[in-house]
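Here's a quick briefing to read with the model open beside you. Take it topic by topic and look things up as you go.

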Amino acid sequence: MNYKQNKFLIVGRLTADPELMDVTYKNFEGKKETNKLCKFTLAENKRNKSNTADFFPVSMWGDVAVNAKEKLKKGTLVEIEGELKINKYQKEIKGEKVNMKDVEIRGSRFDVKVLEEVKKEKVGA
């Protein structure tokens, strides 16, 4: 049997509306290419008495990035499945260097399921 060795699954809520941007880079042949990048953060609530959450910065590339921007918004409960690549970098926050990790979702086997949409509140009700 041939098992996929890189599979990532997470359920959480978006902490803000996703950001969509164009990223220009040089490919392996040295030619400039542009691709779509969508970034957002998922909050995964822990099921214990402390009521804490883990936060996962997520990056999506290509067509899935465009679809995510169109379908998702702050508060949406989603299940994300795909390949996982963790990007590590340092960022300066309030004068202090902090190690950051970014979950990158890419690959042909990628799925975002909206489990619960954000309910619109009636104005003036």
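Strand β2 (residues 19-26) runs antiparallel to strand β3 (residues 32-45), and the two pair over 8 bridges. Pairing here takes at least two DSSP bridges between two strands, while strands (E, at least two residues) and helices (H or I, at least four) are DSSP runs numbered from the N terminus. Keep in mind that this is a predicted model: local features need pLDDT of at least 70, side-chain atom pairs count only at pLDDT 80 or more, and totals for chains, interfaces and linings use all residues. Residues are numbered from 1 along each chain as its sequence is written, and side-chain values use heavy atoms, with hydrogens and water left out.

**Hairpin and turn**
- β2 and β3 make a hairpin with 5 residues between them, and Gly30 in the turn has a positive phi of about 85°.
- Lys26 has Lys32 in β3 as its bridge partner.
- Asn27 sits in the loop between β2 and β3, and Asn27 is buried at 14% relative accessible area (buried is under 20%, exposed over 50%, partly exposed in between, with a 1.4 Å probe and protein chains only).
- A polar atom of the Asn27 side chain lies 2.9 Å from the backbone nitrogen of Glu29.

**Salt bridges**
- Searching the whole structure turns up 2 salt bridges (a side-chain nitrogen of Lys or Arg within 4 Å of a carboxyl oxygen of Asp or Glu).
- Lys36 pairs with Asp22, with the closest N and O atoms 2.7 Å apart.
- That pair links distant parts of the chain, as Lys36 is in strand β3 and Asp22 in strand β2, 14 residues apart.
- Lys36 is partly exposed, at 31% relative accessible area.
- Lys31 and Glu29 form a salt bridge too, at 3.9 Å from N to O.
- Lys31 counts as exposed at 52% relative accessibility, and Glu29 is exposed at 51%.

**Nonpolar core**
- The largest nonpolar core has 14 residues, and those with the most contacts inside it are Phe40, Leu42, Met60 and Ile80 (a core is a set of buried Ala, Val, Leu, Ile, Met, Phe, Trp, Tyr and Cys residues joined through side-chain atoms within 4.5 Å).
- At least two residues of this core come from each of β1 (8-14), β3, β4 (53-61), α1 (63-71) and β5 (77-93).

**Whole chain**
- The protein chain has 1 helix and 6 strands, in the order β-β-β-β-α-β-β along the sequence.
- Of its 125 residues, 25% count as buried.

How values were computed. A polar contact is a pair of N or O atoms within 3.5 Å; within protein, one must be able to donate a hydrogen and the other to accept it, and residues adjacent in sequence count only if both atoms are side-chain atoms.
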